[in-house]
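I opened the notebook to record what I looked up in this model, entry by entry.

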Amino acid sequence: MRFNLSWLAALLLAGSFIYSAIQVFRVSRMPGAGYKDNVIRVIHWQLEPGYREGLQWAIDEYNNLPHVKEAGIRVEQQGVTQKVYGQFMNIHMIGGTGPDIAQNGTTRLIRGNAIARFYAPLSDYVTEPNPYNSPEFLPEGLDPELAEMLATSAWSETLIDGMKGGYEEKLNDFYSIPVSTPGDVRLFYNMKLASEAKAVALDALAMQPHPEWLRLSLRENGAESGFIPESPKLVEWLNSGSPPETLGQLLLLCEAILQISTQPGREGLVPIAASSFSNNDVGNALYRHIFMLTFGHELDLNDDNKVDSLEIVHNWQQGRWGFESTDAIRKSIELMQLMTRYYPPGFLGLDREQSQRRFVQGNAMIVSTGGWDAKSIFEAVNNLGDEQTFEIAVTREPLGGEGEIYAEYLTDRPSEAEFEAGVPLSLNKQSPHPEEALDFLRFLTSIRVNEELNRRAGWLPVTIGAEAVEELRPFSPEMEGLPPKLEMNLRNQDLLAQIRNTTSGSLKLVLSGGITYEEFIERCQAAFSDPRLGADRQWFEEWQQKNDHTFGHDQSLNVESVRQYLLNDDSAQRRRLSRLYSSITGDQGYWVRELWRQYHPDEPFPSK
Amino acid sequence: MTLSWTGCKDPSERISSDETKARVQNGLEAIGVFDYKLALRELKSVPDSLEPGTSEWTRAAFGLASALRYVQPATEANIEASRELFTQVAEEGNDPNARALALLELAREQEIQDFKGEKTNVEEARELYRHIREEYAGETFADEATIRLANTYFTRDPSQENYATGIQLLSEHISEYPKSKLAVVIWQQIGEAEDRLRNDRVAALAAYEQARQLGFTIPMQKDTFLWRMSQLAERTGQLEKAIDLYQRIIVETPRAHEVILSRRRLEELAAAHPEKNIKIPQTLDIITGKTKPASKDLETKESKL
């Protein structure tokens, strides 16, 4: 028999596996496996430039506190890439070797009710004031009213989101403490290019007659075409250093950039650096939501300021909205089609990095992305040579101005009031140092530490009164606007896949010119009308989903009963009350059937 | 009656007292973190090794019955075994709380389908709920049984007559036990039923108002309920009430989306009814923690007022 090299490889592989298995077994049998007696481990996936350094500063500050030194405790952090974070946490939490503090999320195992299995509920702690916000820890010169609030309010109330980012609705408890927030999507303007575009527009305005591109951009009284009326206000803005304040101004600048891009040597220039990354697509990521918000309140049947999948379908059946009859849908598609004129050719084949690079290199006037990219964009632009660098302005997407195109639809943006702060850190139930770990989380969210941590990290702080670095202030959540869930969202994950996929697929086709708007309507209406997989089926699915929740609610109630009455856990009483309430509201999906009965009295409830 | 479902009757198989206690504790703690599989493993032979009716047996049997009912996937054998154990706890358990909880579980098992093809028996469930109401009258378990009993009239055989029966049950119970620990749940349940099932908005608002005064069951939903109440108030022509609710939303739920909607509505109402002297509270800037007037116009309006 001849020796085959493959056998050697197989033997090596088997040998390595056996050795690893023995090591894992040996280590896991050691007392306190995974824990060092005096170390609190923090594991997270925030590997963005600056985040670990910011957190390390906070850790060093904490480790140097006299009472921490005295206790012989030391905090250490470990960053794990998001790609393997889920598997990493699953293995360690089940194996009992998990960190004391872990960023909550991204694992398929530790979610829903399973969060309660691995992480400690924090309600009893977050209702107490944060001792690191007491007067001796507060920065000097703090507003007395703010200082009083921070020192005396419940810990949860000292965070700008009310600690919503750490609240688990299904479990009705706080299971993590958010420490940073990246900020939402904004438009980044290259102000050097914006000024150049303004100059081109001013020159064109001065010409008589106006060049054709400007004539097509200007909107005369009562006319359907054009974006923006010619007015002294427009001239005043063109002479200012401000970024666009209205959609009409934005579109005019985009047209001017298209003109500049026809000049020799400027061919690569585009108005908007779009890509396949959804947040780079200004029309779809920002404006579509606004159009769909305009009629949401008419569809909200139970006054919860949300339009859920059943309300979408039910209101369509009742004729309260339609692909043909609702102008906002047609107009939103019009605007999205118009926007694609300003995107690079073949933008769907480009990725997020290419889009950012185009903007940073001065080849696009606008890029739309979230605060998480702000630090890298600002740093890259600052590192350009003196001749290439440019000023960046950051704003929310402008709304419609007086007399402008789509002005009647673009009146309100989605509000960011109920945003949830990020980097939620949870306390491992098996941690041998729960009090110390909790103490560290309090320290991280105290005003002084949270402000400095996030300043170094290039993120927004979460503690009320903590100041963000200048560049990030435009990313702070804005209260003004309409509840975002009032949007009639055809991408709602609870909509039947057949409806969702047909509408989103047809939208892509109509935007790319693959089908006409009439064909788009026809396809979408066919999906909703499908007797087997359309609107009627949505009723059945909704009922089934609610009915399935019945078991989950009963299970949760049983858990709290055991905790309260058999394990004498006093904190379970509050949770048991809310579980009972969740169990009776919507019990067995009765509300879905009742709604059907009210509107379809002579028809049987749809079946599968 | 002793347990026989596990077949673990041989005394030699019985486990030591310390180990039993540890397993009972581990099993119950496993349920406390939703780990019913582990609970089943820890508890499956424990009740057999204990004297029925003792405290430790009651805990073990209730825990095991719970694990059998809630472990997934649900099987006919597990549900049957769970039913037997809950029955035993209800009859022989030495802890009145565990006995009442077991009865509630038994009633609920009759009411809903635990696995595909299982036959439910809502009349049997109602009987059990009525039994709990009588046996535990004045206690939280009777409130819970009333809530469940009423809900059977909302969830089964929809008719205005049934809805009225359910609401009557709740109303009579709350007037007899206004200080019940579950009063807020009952008021919210009445509100939902009046609003959604009977379209009686005045009655719904009145019930929600009672719940508001007690503090809503889930504090994080306060903004939603205050908004819903404001809309009920507007639709029933109770303008003063609506104004009060909008003002509460701004002051009591400063981070909610509804703050902006409330402020805007108050602005409209203030403009439409100058004689009402409507106050528009300052809104909280959640970033700086400072309060601020809603808008320049309002500032002027307020100072004029």
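**Entry 1: the second largest pocket**

I looked up the second largest pocket and noted a volume of about 960 Å³, where volume is the space filled by probe spheres set on grid points joined across faces, edges and corners. The search runs on a 1 Å grid over the protein atoms alone, and a pocket is an open set of points with protein on both sides within 12 Å along at least five of seven lines, whereas a cavity is a set where a 1.4 Å probe fits but cannot get out; lining residues have an atom within 4 Å of a point. I must keep in mind that the model is predicted, that local features need pLDDT of at least 70 and side-chain atom pairs pLDDT 80 or more, while totals for chains, interfaces and linings use all residues. Residues are numbered from 1 along each chain as its sequence is written, chains are lettered from A and ligands numbered from 1 in the order in which they are written, and side-chain values use heavy atoms, with hydrogens and water left out.

I listed 31 lining residues for this pocket, of which Trp543(A), Asn547(A), Asp548(A), Gln588(A) and Gln113(B) lie nearest its centre. Two or more residues of the lining come from each of H21 and H23 of chain A and helix H7 (140-155) of chain B, helices (H or I, at least four residues) and strands (E, at least two) being DSSP runs numbered from the N terminus. H21(A) gives the most, with six residues. By class I recorded twelve nonpolar, nine polar and ten charged residues in the lining, with Ala, Val, Leu, Ile, Met, Phe, Trp, Tyr, Cys and Pro taken as nonpolar, Asp, Glu, Lys and Arg as charged, and the others, Gly among them, as polar.

**Entry 2: the interface of chains A and B**

I then turned to the interface, where 67 residues of chain A are in contact (heavy atoms within 4.5 Å) with 69 residues of chain B. The buried area is about 6300 Å², of which carbon and sulfur atoms give 58%; this is the accessible area (1.4 Å probe) that the two parts lose on being put together, summed over both. Asp303(A), Leu566(A) and Tyr581(A) supply 12% of the area that chain A buries against chain B, more than any other three residues.

Across this interface I noted eleven salt bridges, each a side-chain nitrogen of Lys or Arg within 4 Å of a carboxyl oxygen of Asp or Glu. One that I looked up joins the side chains of Glu144(B) and Arg576(A), at 2.8 Å from N to O. On the side of chain A that touches chain B, helices H5 (114-118), H21 (535-566), H22 (572-584) and H23 (590-599) of chain A each give two or more residues, and H21(A) gives the most, with 13. That side of chain A has 28 nonpolar, 22 polar and 17 charged residues.

**Entry 3: a salt bridge within chain A**

Over all chains, my search of the whole structure returned 59 salt bridges. In one of them the side chains of Glu61(A) and Arg448(A) meet at 3.7 Å, N to O. This pair links distant parts of the chain, with Glu61(A) in helix H2 (residues 51-63) and Arg448(A) in helix H18 (residues 447-457), 387 residues apart.

**Entry 4: the largest cavity**

I found three cavities of 30 Å³ or more, and about 150 Å³ of space lies in the largest cavity. Its lining has 15 residues, of which Arg288(A), Met292(A), Leu490(A), Thr503(A) and Leu507(A) lie nearest the centre. The lining of the largest cavity divides into nine nonpolar, three polar and three charged residues.

**Entry 5: backbone notes**

I recorded a cis peptide bond from Gln208(A) to Pro209(A), with omega near -10°, and Pro209(A) lies in the loop between helix H8 (191-206) and helix H9 (212-217) of chain A. In chain B, the bond from Gln72(B) to Pro73(B) is cis, with omega near -5°.
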